[in-house]
Amino acid sequence: QVQLVESGGGLVQAGGSLRLSCTASTSTFSSYAVGWFRQAPGKERDIVAAISGNGVITIHAASGKGRFTISRDNTKNTVYLQLVKLEPGDTAVYYCAADFTSLPYSAPTKINEYDHWGQGTQVTVSS
């Protein structure tokens with residue numbers, strides 16, 4: 001069972017930046033596709049970005065395109081989500097999720113495609 005730990009959330013003013021990290025406890029991290037999702041109060045959990053196990057394929061949702069960037073460092077078992085030009089509408093709990101896959105270029109974007117989830121990290125953007 002892989003454990004995922006998110007960090008890097010916090011309170012930031014509109015226009016500010018944060019870098020979220022998701023660190024996994026596994027020796028086969030490159031076999032996991034990873035996705036970042038977010039959930040605002042009273043709303044559904046939505047995809048923000050996803051990255052394949054080899055890091056070649058990245059997918060960014062329209063809500064964050066041009067402002068959010070997903071990347072990974074398999075030597076550190078960590079996936080990053082860089083958030084810039086943050087807006088109050090980005091306020092949410094951000095979760096990372098991992099999917100064990102034999103497909104190195106797979107980058108799932110649906111919640112039910114992920115088996116492992118972190119506890120989430122709160123991002124609050126003030127106006």
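Rings of Phe, Tyr and Trp, the last through its six-membered ring, form an aromatic pair if their centres lie within 6.5 Å; planes under 30 degrees apart make a stacked pair, planes over 60 degrees apart an edge-to-face pair, and the rest count as tilted. The exercises below apply this to a predicted model, in which there are four aromatic pairs.

**Exercise 1.** Classify the pair formed by Phe37 and Tyr114, and state which parts of the chain it ties together.

*Solution.* Begin with the distance: the two ring centres are 5.5 Å apart, and the limit for a pair is 6.5 Å. Next take the angle: the planes of Phe37 and Tyr114 stand at 80°, so the pair is edge-to-face. Finally, locate both residues: Phe37 belongs to strand E4 (residues 32–39), while Tyr114 sits in the loop between strand E9 (92–100) and strand E10 (116–117), so the contact ties together parts that are 77 residues apart in sequence.

**Exercise 2.** Decide for Phe37, Tyr114 and Trp117 whether each is buried or partly exposed.

*Solution.* The cut-off needed here is that buried means under 20% relative accessible area, and exposed over 50%. Phe37, at 0% relative accessibility, is therefore buried, and Tyr114, with a relative accessible area of 5%, is buried as well. Trp117 reaches 25%, so this residue counts as partly exposed.

**Exercise 3.** Describe how Phe37 pairs with Trp117, and name the charged residue that lies over the face of Trp117.

*Solution.* The centres of the Phe37 and Trp117 rings are 5.0 Å apart, and with 50° between their planes the pair is tilted. This pair, too, links distant parts of the chain, since Phe37 is in strand E4 and Trp117 in strand E10, 80 residues apart. Taken together, Phe37, Tyr114 and Trp117 make up one aromatic cluster. The charged residue is Arg45, which lies over the face of Trp117 at 5.0 Å from the ring centre; the charged end of Arg45 also sits over the ring of Tyr95, 3.7 Å from the centre of that ring.

**Exercise 4.** Work out which strands stand at the edges of the open sheet that four strands form.

*Solution.* First write down the order, which is E1-E3-E8-E7, with antiparallel pairing. Strand E1 (4–7) and strand E7 (68–73) each have a single partner strand, so they stand at the edges and one side of each is left without a neighbour in the sheet. On average, neighbouring strands of this sheet are turned by 15° against each other, direction ignored.

Notes
Residues are numbered from 1 along each chain as its sequence is written. This is a predicted model: local features need pLDDT of at least 70, side-chain atom pairs count only at pLDDT 80 or more; totals for chains, interfaces and linings use all residues. Side-chain values use heavy atoms; hydrogens and water are left out. Helices (H or I, at least four residues) and strands (E, at least two) are DSSP runs, numbered from the N terminus. Buried means under 20% relative accessible area, exposed over 50%, partly exposed in between (1.4 Å probe, protein chains only). A charge sits over a ring if NZ of Lys or CZ of Arg is within 6 Å of the ring centre and within 35 degrees of the ring normal. Two strands pair if DSSP finds at least two bridges between them. Axes are lines fitted to C-alpha atoms, for helices over the stretch in contact, and angles run from 0 to 180 degrees between N-to-C directions.
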